[in-house]
Amino acid sequence: MDTVDVLVVGAGLAGLNTARLLAEAGLDVAVCERRTSLESGIRTTGIFVRRTLTDYDLPHLGPAVRRVLLYPPSHRDPVELESALDEFRVGDMAGIYTQAVRDAERAGAQVHLNASYPMKSTKARFTIGADGARSTVAKQLGLDVNRRLITGIEEVYPIESGSTPTFHCVVDPRLAPGYIAWVIDDGEHAHVGLAGRADRFTAPLPQLLQRFRDSFPTPTPTGPVKRRGGPIPVGGLLRRIVSPDGLLVGDAAGAVSPLTAGGLDPCLRMSELAASVTFDYLRSGNKYVLEHYDAAALRRRYLVRSTMRRGLSLVRRPGLAELAFSGLRTPVGRAVAKRILFT
């Protein structure tokens, strides 16, 4: 049996970034990923926000998106928000994951695909769970697990629209109860999807997605259409995310905005904290070092958004959503929407 300092479970962005940082620090690191290919089983839309684009050098990004249109269920009179800055870019996640594997391996980490956790052939001093919203590592370590989830589906395909890159968001509880349906058109690729509370869906997700495509103008594919989806935690950052045996990062830790369901920025930032705390703990053997891994600042930042998420969850009828848009169209409503989407 091989023995490593750290076993990272999950080869998503959070896991691979954590593995690279720990390997660069000189630790013996292994990554196990149950997928046989990182091009399959992708569960993120790949939207990177301005904060991330400013602080991280990321490859394989699409054109900048500065324009957002918010639609009520009727699709009439949408609220247009425009920024002078590059607010979003959508990444080619397969390409980003492939590059992240190269970077981790170059730093000295071993990345094993088609490898389930626990790994019978590998023993680790410390385990990092980066294995998604329904984390097996969390259960094995006796840490908190995500209870509040939404489920999403999305189709991604190349286009030649020639239009201004735009993020279209549709609030319609008939299609996406408790969340939104969306079309992201950056001029090169289209992302068409929806997500919501599984207990309120009125039909299987593929049928709801087709209804959305039939009712809302979407770009025409010029190449293969890829479908993805899965659960998204929206309960905010979990409280018990670390123990003397391991810790959680990314979706496994609930590090996803409760309102927008964006998780790529917090997963990168948490991976840096996770790597720092793990290195200090394994070097010193002092369990009190682990107390620094509480991400209290991130939890406080999500407090208001958690409240707004609960409010969005109460919108069960199209008429109430239409009424809410009357407030969004006011200067104050537009200012709040800008603050949520553009910061």
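## Salt bridges, cysteines and a charged patch

The side chains of R269 and D265 meet in a salt bridge, with 2.8 Å from N to O; the term stands for a side-chain nitrogen of Lys or Arg within 4 Å of a carboxyl oxygen of Asp or Glu. The model is predicted, so to speak of local features takes pLDDT of at least 70 and side-chain atom pairs count only at pLDDT 80 or more, while totals for chains, interfaces and linings use all residues. Residues are numbered from 1 along each chain as its sequence is written, and side-chain values use heavy atoms, leaving out hydrogens and water.

R269 and D265 are four residues apart in helix 6, which means about one helical turn separates them. Helices here are DSSP runs (H or I, at least four residues), as are strands (E, at least two), numbered from the N terminus. D265 also forms a salt bridge with R51, where the closest N and O atoms are 4.0 Å apart. Because D265 sits in helix 6 (residues 264–284) and R51 in helix 2 (residues 50–55), this pair ties together parts that are 214 residues apart in sequence. R51, D55, D265 and R269 are linked in a network of salt bridges.

Elsewhere, E155 forms a salt bridge with R213, the closest N and O atoms being 3.3 Å apart. E155 belongs to strand 9 (residues 149–158) and R213 to helix 5 (residues 205–215), so parts 58 residues apart in sequence are tied together. A search of the whole structure finds 19 salt bridges.

| Residue | Relative accessibility | Class |
|---|---|---|
| D265 | 7% | buried |
| R51 | 34% | partly exposed |
| R269 | 27% | partly exposed |
| E155 | 10% | buried |
| C32 | 1% | buried |
| C169 | 5% | buried |

How many disulfides are there? The count comes to zero, where a disulfide is a pair of cysteine sulfur atoms within 2.5 Å. For C32, the closest cysteine sulfur is in C267, and at 17 Å it is too far for a bond.

On the surface, R34, R43, R134, K139 and R147 gather in a patch of positive charge. Patch members have over 30% relative accessible area and no salt bridge, and like charges are joined within 9 Å. Lys and Arg count as positive. One of the five, R43, lies in the loop between strand 2 (29–33) and strand 3 (47–49).

Notes. Patches are made of residues with over 30% relative accessible area and no salt bridge: like charges are joined within 9 Å, nonpolar side chains (Val, Leu, Ile, Met, Phe, Trp, Tyr) within 5 Å. Accessible areas come from the Shrake-Rupley method with a 1.4 Å probe; for residues, only the protein chains shown count as cover. The place of a charge is taken as NZ of Lys, CZ of Arg, CG of Asp or CD of Glu. Buried means under 20% relative accessible area, exposed over 50%, partly exposed in between (1.4 Å probe, protein chains only).
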